[in-house]
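Here's a quick briefing to read with the picture open beside you. Take a look around first, then work through the points below.

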Amino acid sequence: MARPQDPPRGFFPFGNPFKNLSSKNPVLSSNLLSLLNTFETNLASSITKLVPKEKSQILTLSWMSQAMASLCQTHNAIKTLITDLELPVSDWEDKWVDIYLDISVKLLDLCNAFSSELSRLNQGHLFLQFALHNLGTNAPQNLPKAQSSLDAWKQHIVSKNPRLESCHAILTSLVQTLNLPKVKNSAKGKVLMRALYGVKVKTLYISGVFAAAFSGSSQNLLYVTVSNELPWAPSFMDMQNTMNSEIKNIFLSDGLTVMKELEAVDSGVKQLAPAIQQGSIDPISLQPLKDSVTELTSGIDLVSKEVDCFFKILLSGRDTLLENLRSIGAPTTVLATSPKKQRV
């Protein structure tokens, strides 16, 4: 596994984005302030829930499922905020539309890469099931078949998925979108841009954790510095610091993979190795491997479900925006076709 890199400098590549909400700007109405405060308070709460209580929860499929479900909730919340702001697409500046479309298509590409890897990991279940079947018979002639299946599973797990190679470039490009565009004479626009900033930071960081876990490369792990002016900043920095510190330690280990459920299966396989060589398997000693395989399969299914949910939310929001743009006769240059979920 690649050695973890030192955290990069904060991602404010074009200056401080919060200058757009300085005192020089029009004062927000009490209603707009209430909408923004509610959104950011809920964002902070959702991030706090993602801070692992135990180090053992880090890089587990359980945490990844929770994190992706949390992203789904946050992206639904920003759609609700847009509705509550009563800010129709006809009032959106072109640059807001361009930013939204650019970010959404890149996130869809990441979802496709993640789904591809989850599908690949799930394919390894066939090797494990065949191995468990042969081990369960406790027949000496079946043990070599079981060992062959276990070896095939390990080779399958450590092999590289080429569809993950684009993740680093996508994440790097998304970092550049953290800069907020200037908003002229639109209090609602300023609220929207600030709320979107929080959504982008949370989405970008979690996507980086997913990419690092799936690819086995610490280069995909991000460190994002956020302004202390934001009410959700302490929660985000707590989550990021807690996660990054332990993930770096995991990458420095000599495990088969950085994902806990996969490591648990590999540990169960190693524990059975002496018994397989001796030609006899105790059913009791086989149970830990069975349990870890069940947990792995269940975890992959849960994460796959949440990634698919996130993909559909992104696609729905993108298609809705494009339809609205068509209805108001927007220039054809922005009416790009939304990518569909790729079969894996």
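The expected span of a helix is 1.5 Å times one less than its number of residues; keep that handy for one of the points below. What you're looking at is a predicted model, where local features need pLDDT of at least 70, side-chain atom pairs count only at pLDDT 80 or more, and totals for chains, interfaces and linings use all residues. Residues are numbered from 1 along each chain as its sequence is written, and side-chain values use heavy atoms, with hydrogens and water left out.

**Overall layout**

- The protein chain has nine helices and zero strands (helices are DSSP runs of H or I with at least four residues, strands are runs of E with at least two, and both are numbered from the N terminus).
- Going along the sequence, you get the pattern α-α-α-α-α-α-α-α-α.
- Of the 344 residues in the protein chain, 51% are buried (buried means under 20% relative accessible area, exposed means over 50%, and partly exposed is in between, using a 1.4 Å probe and protein chains only).
- Take the contacts between residues at least 6 apart in sequence: 80% of them join residues at least 24 apart (a contact means heavy atoms within 4.5 Å).
- The protein chain exposes about 16,300 Å², and carbon and sulfur atoms supply 52% of that (accessible areas come from the Shrake-Rupley method with a 1.4 Å probe, and for residues only the protein chains shown count as cover).

**Helix α2**

- Helix α2 covers residues 61-85, and its 25 residues should span 36 Å at 1.5 Å a residue; its end C-alpha atoms are 36 Å apart, so the two agree.
- Just after α2 comes Glu-86, with a positive phi of about 55°.

**The nonpolar core**

- In soluble globular proteins, nonpolar side chains tend to be buried together.
- Here, the largest nonpolar core has 110 residues (such a core is a set of buried Ala, Val, Leu, Ile, Met, Phe, Trp, Tyr and Cys residues joined through side-chain atoms within 4.5 Å).
- Helix α6 gives the most to this core, with 17 residues.
- Leu-135, Phe-210, Trp-232 and Phe-236 have the most contacts inside the core.
- Leaving out residues up to four places away in sequence, Trp-232 touches several residues, including Glu-40, Leu-43, Tyr-197 and Val-201.

**Salt bridges**

- Side chains of opposite charge can pair when their charged atoms come close.
- The structure holds seven salt bridges (each is a side-chain nitrogen of Lys or Arg within 4 Å of a carboxyl oxygen of Asp or Glu).
- One of them pairs Glu-40 with Arg-194, with the closest N and O atoms 2.8 Å apart.
- Glu-40 sits in helix α1 (residues 30-48) and Arg-194 in helix α6 (residues 187-215), so this pair ties together parts that are 154 residues apart in sequence.
- Glu-40 is buried, at a relative accessible area of 1%, and Arg-194 is buried too, at 13%.
- Asp-102 and Lys-106 also form a salt bridge, 3.1 Å from N to O; both lie in helix α3 (residues 94-137), four residues apart, about one turn of the helix.
- Asp-102 is partly exposed at 30% relative accessible area, while Lys-106 counts as buried at 17%.
- Another salt bridge joins Glu-117 and Arg-120 at 2.9 Å, N to O, and these two lie three residues apart in helix α3.
- Glu-117 is buried at 2% relative accessibility, and Arg-120 is buried at 11%.
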